[in-house]
Amino acid sequence: MLARWLPAAINTRPTEWSRAAIGMAFGTLFSVWLCSLVFGIEVAQHLIGPLGASAVLLFAVSSGALAQPWSIVGGYLCAGVMALLVAHVLGRTLGSACLAAGMAVILMCWLRCLHPPAGAVAATMVLADPATIALDWMALGPVMLSAFAMLACALAYNNLTRIRYPKRPSEPVPMVPADHPPIDSQAITAEDLKRALADMEAFIDVTPEDLEQLIHTSELHAKRRSIGEVLSRTSA
C-alpha cells in the first residue's frame with residue numbers, strides 16, 4: 001500500500017538534472033540582479049520566489065505548455081494587473097491576495113497563458129513590501145522586467161545546451177481525402193487525442209502532437225521488441 005504513494009521515476013538522465021539546475025540558478029540570479037539595478041534590491045528580492053518557480057519550468061520542463069514564452073510573459077502580466085486592481089479596490093489583506101491569485105488564474109486561462117508561478121506573483125504583489133507599494137502601478141515594471149529577463153536566459157541557455165526552446169508550433173494534420181482512407185483506420189491521430197483530452201475536462205501539460213509522437217515511438221519500440229523475441233526463438 002505504501003508503494004502507491006511513491007513517485008514514479010523521472011525519465012531524464014542526471015546530466016539533464018545538472019543542466020537544468022545550472023540554468024535555473026543562473027536565470028534566477030540574472031533576473032533578480034537586473035531587477036535590483038533598476039528598481040532596488042527590496043523590490044527584486046520580493047519577486048525571487050515566483051522567479052525561482054518559473055525557472056524550474058523554463059529550464060527543467062521547457063517543452064511543456066506552461067513554460068512557453070507567452071505563458072511566462074502573459075502570466076506575469078495578468079498576475080500583476082489583477083493584483084494591483086484587487087489591492088486598489090479591496091486593500092492589501094490576506095484574503096484579497098488569495099482572491100487576486102484566483103482571478104489571475106481565470107484571466108490566464110482565458111488568454112491561454114497559464115503559468116503557475118504567476119499565481120504567486122499575484123499574491124506577493126498584493127502583500128508587497130513598502131518599496132513595491134510605493135511604486136503603485138509602476139510596480140508592473142519590475143514584474144515584467146523580471147519575466148523578460150528570465151525568458152531571455154531560457155532562450156539563450158536552453159538553445160546553447162542543445163535544448164530547442166521555445167517549442168515550435170505544431171504543424172496542422174493533413175486532411176485525408178475521402179477516396180483515400182488511411183491504411184489503419186484505428187490508428188490514433190492528434191485529432192483523436194485532442195478530443196480525448198477535451199473529454200477528460202482537466203488541464204494536462206502536454207500537447208496532442210507530443211502524445212501522438214510518444215505513441216508512435218512506443219509502437220516502434222514494441223515492434224523492435226517483438227522482432228527481437230521472434231529472432232531469439234528462431235536462433236534457439
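Predicted model: local features only at pLDDT ≥ 70, side-chain atom pairs only at ≥ 80, totals over all residues.
1. Arginine 112 sits in the loop between H5 and H6. Its relative accessibility is 75%, so arginine 112 counts as exposed.

2. Helix H5 itself spans residues 94–110, 17 residues in total. From first C-alpha to last it reaches 25 Å, close to the 24 Å expected at 1.5 Å a residue. Which residues of H5 are buried? They are Ser96, Ala97, Ala100, Ala101, Ala104 and Met108. These residues cover an arc of only 145° around the axis, which puts them on the same side of H5. An α-helix has 3.6 residues a turn, so residues three or four places apart point the same way.

3. The buried residues pack against helix H4 (69–90) and helix H6 (117–126). On the other side, Cys98, Ile106 and Trp110 are exposed.

4. Now the record. The unreviewed UniProt entry annotates "transmembrane region" over residues 20–40, 47–67, 73–90, 97–117 and 137–158. Check two of these spans against the model. Residues 97–117 are 71% helix and 0% strand, with end C-alpha atoms 14 Å apart. This annotated span takes in arginine 112, a residue of the loop between H5 and H6. Residues 137–158 are 86% helix and 0% strand, and their end C-alpha atoms lie 33 Å apart.

5. The overall picture is helical. The protein chain has 10 helices and zero strands. Buried residues make up 33% of its 236 residues. Among contacts between residues at least 6 apart in sequence, 72% join residues at least 24 apart. The accessible surface comes to about 14900 Å², and 68% of it belongs to carbon and sulfur atoms.

6. What holds the most contacts inside the largest nonpolar core? Leu58, Phe59, Ile72 and Tyr76 do, in a core of 43 residues. Helix H1 (14–39), helix H3 (48–60), H4, H5, H6 and helix H8 (140–160) each supply at least two residues of this core.

7. Phenylalanine 59 deserves a look of its own. Leaving aside neighbours within four places in sequence, its contacts include Glu16, Arg19, Ala20, Gly23, Met24 and Gly27. Phenylalanine 59 is also in contact with Met150, Cys153, Ala154, Tyr157 and Asn158.

8. Serine 71 lies in helix H4. It is buried, with a relative accessible area of 5%. Not counting residues up to four places away in sequence, serine 71 touches Ala65, Leu66, Cys113, Leu114 and His115. Alanine 87 is also found in H4. At 9% relative accessibility, alanine 87 counts as buried.

9. Aspartate 136 is found in the loop between helix H7 (130–135) and H8.

10. One last backbone feature. The peptide bond from tyrosine 165 to proline 166 is cis, with omega near 0°. Proline 166 lies in the loop between H8 and helix H9 (190–200).

Definitions and conventions. Residues numbered from 1 in each chain as written. Heavy atoms only, no water. Helix = DSSP H or I, 4+ residues; strand = E, 2+ residues; numbered from the N terminus. Expected span 1.5 Å × (residues − 1). Buried < 20%, exposed > 50% of the residue type's maximum accessible area, 1.4 Å probe, protein only. Arc of directions from axis to C-beta. Contact = heavy atoms within 4.5 Å. UniProt positions renumbered as here; feature names shortened; annotations may be inferred. Core = buried A, V, L, I, M, F, W, Y, C linked by side-chain atoms within 4.5 Å. Areas by Shrake-Rupley, 256 points an atom, 1.4 Å probe, with all protein chains shown as cover.
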